[in-house]
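Hi,

Here is the structure for your files.

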Amino acid sequence: MATTEATVQERRHAAARGQESPGGPQRSTATEPGLAARLAAITPGGYRAGAPPASEPTAWAVLALLGAGDWMAARRGCDWLAETQAGDGAVGVRRRQPAPAWPTALALLAWEAYHRATGENRYHPRIEHALAWTLKTRGRTVERKPQIGHDTTLVGWSWANNTHSWLEPTSLFVKALTANGLGAHARTAEATRLLIDRLLPGGGANYGNTRVLQQYLLPHVQPTGLVMWALADQEVEDPRIEASLAYLAREIEQPLGSASIAYALIGLAAHGRLPKSAATLTAAALARRATVGSTYKLALLNLARQQAQNA
């Protein structure tokens with residue numbers, strides 16, 4: 001049976017009354033004020049110093065700033081995302097680049113987290129419009145073929161319109177729908193099955209392929225961290241989840257880039273599996289020159305550091 005708009009509203013409102021948002025951070029009293037101030041100064045912002053603001057870095061910054069208790073800077077980021085939202089409800093990658101619109105998921109997470117943290121429901125119309133776009137947007141499916149290991153008939157979300165469903169955007173939308181009270185929605189359930197299906201037999205995940213021409217592909221840290229973050233909210237059991245967490249725990253001790261460290265820690269933290277080295281790893285990454293002026297990297301590392309300090 002199709003889910004009516006009234007049912008969607010009822011589920012969202014029930015979730016808002018009865019639980020904290022799985023996608024929204026709690027206020028962190030352990031966050032270093034200097035880090036939050038650095039991030040606030042470049043929000044909304046982009047992927048590197050001097051780059052134009054973009055939706056993904058700005059949304060991650062909102063989540064980190066809310067975790068640090070800086071409501072004013074978080075609201076500035078939320079307002080920027082609201083002004084970037086298109087008439088169909090989608091949020092594109094930049095203000096003048098409405099497509100592709102996969103950052104809609106992160107905007108949904110940012111707006112809902114702001115509401116939960118502050119009690120201000122100022123982005124409610126934006127959320128409803130974005131949810132409507134999300135629920136009608138589908139990745140393209142194809143018939144199953146023996147050359148491809150994953151189930152190509154499962155529907156999730158894609159990076160760009162009219163393309164196949166892939167793991168990272170689907171992870172973000174699963175997280176966003178769950179945070180907005182739609183964890184039991186049929187789209188969320190099918191997308192969760194997609195995430196499980198795309199896990200590699202030995203643990204971990206990549207962009208979404210498992211086996212191609214009888215060869216299993218290698219896992220990568222960033223998509224594995226994202227899918228672990230998303231699956232933490234879902235009632236699923238599969239041995240590949242434990243194997244994926246073990247993979248992240250191993251990889252986090254290897255030389256990694258700043259973003260990969262953050263995604264690994266966010267995924268591990270969602271399952272209560274933060275390593276003892278988490279605070280040291282984020283501190284070292286924050287000291288690198290590459291993070292200076294990058295809203296994207298600074299936001300992710302702030303989030304990871306909040307997780308480490310609150311563990």
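Which side chain does arginine 95 meet in a salt bridge? Its partner is glutamate 83, at 3.6 Å from N to O. Keep in mind that the model is predicted.

The count of salt bridges comes to six. Three of them are described here, starting with the one above.

Arginine 95 sits in the loop between α4 (71-84) and α5 (104-118), and glutamate 83 in helix α4. The two are 12 residues apart, and the pair links distant parts of the chain. Arginine 95 is partly exposed, at 35% relative accessible area. Glutamate 83 is exposed, at 54%.

Next, aspartate 233 and lysine 175. Their side chains form a salt bridge at 2.7 Å, N to O. This pair also links distant parts of the chain, 58 residues apart. Aspartate 233 lies in the loop between α9 (221-231) and α10 (239-251), while lysine 175 belongs to helix α7 (residues 167-179). Is lysine 175 buried or exposed? Lysine 175 has a relative accessible area of 2%, so it counts as buried, the cut-off being under 20%. Aspartate 233 is partly exposed, with 27%.

Last, glutamate 242 and arginine 273. Their closest N and O atoms are 3.0 Å apart in a salt bridge. Glutamate 242 is in helix α10. Arginine 273 is in the loop between α11 (258-269) and α12 (278-286). They are 31 residues apart, and the pair links distant parts of the chain. Both are partly exposed: glutamate 242 at 43% relative accessible area, arginine 273 at 32%.

Best wishes

How values were computed:
Residues numbered from 1 in each chain as written. Predicted model: local features only at pLDDT ≥ 70, side-chain atom pairs only at ≥ 80, totals over all residues. Heavy atoms only, no water. Salt bridge = Lys/Arg side-chain N within 4 Å of Asp/Glu carboxyl O. Helix = DSSP H or I, 4+ residues; strand = E, 2+ residues; numbered from the N terminus. Buried < 20%, exposed > 50% of the residue type's maximum accessible area, 1.4 Å probe, protein only.
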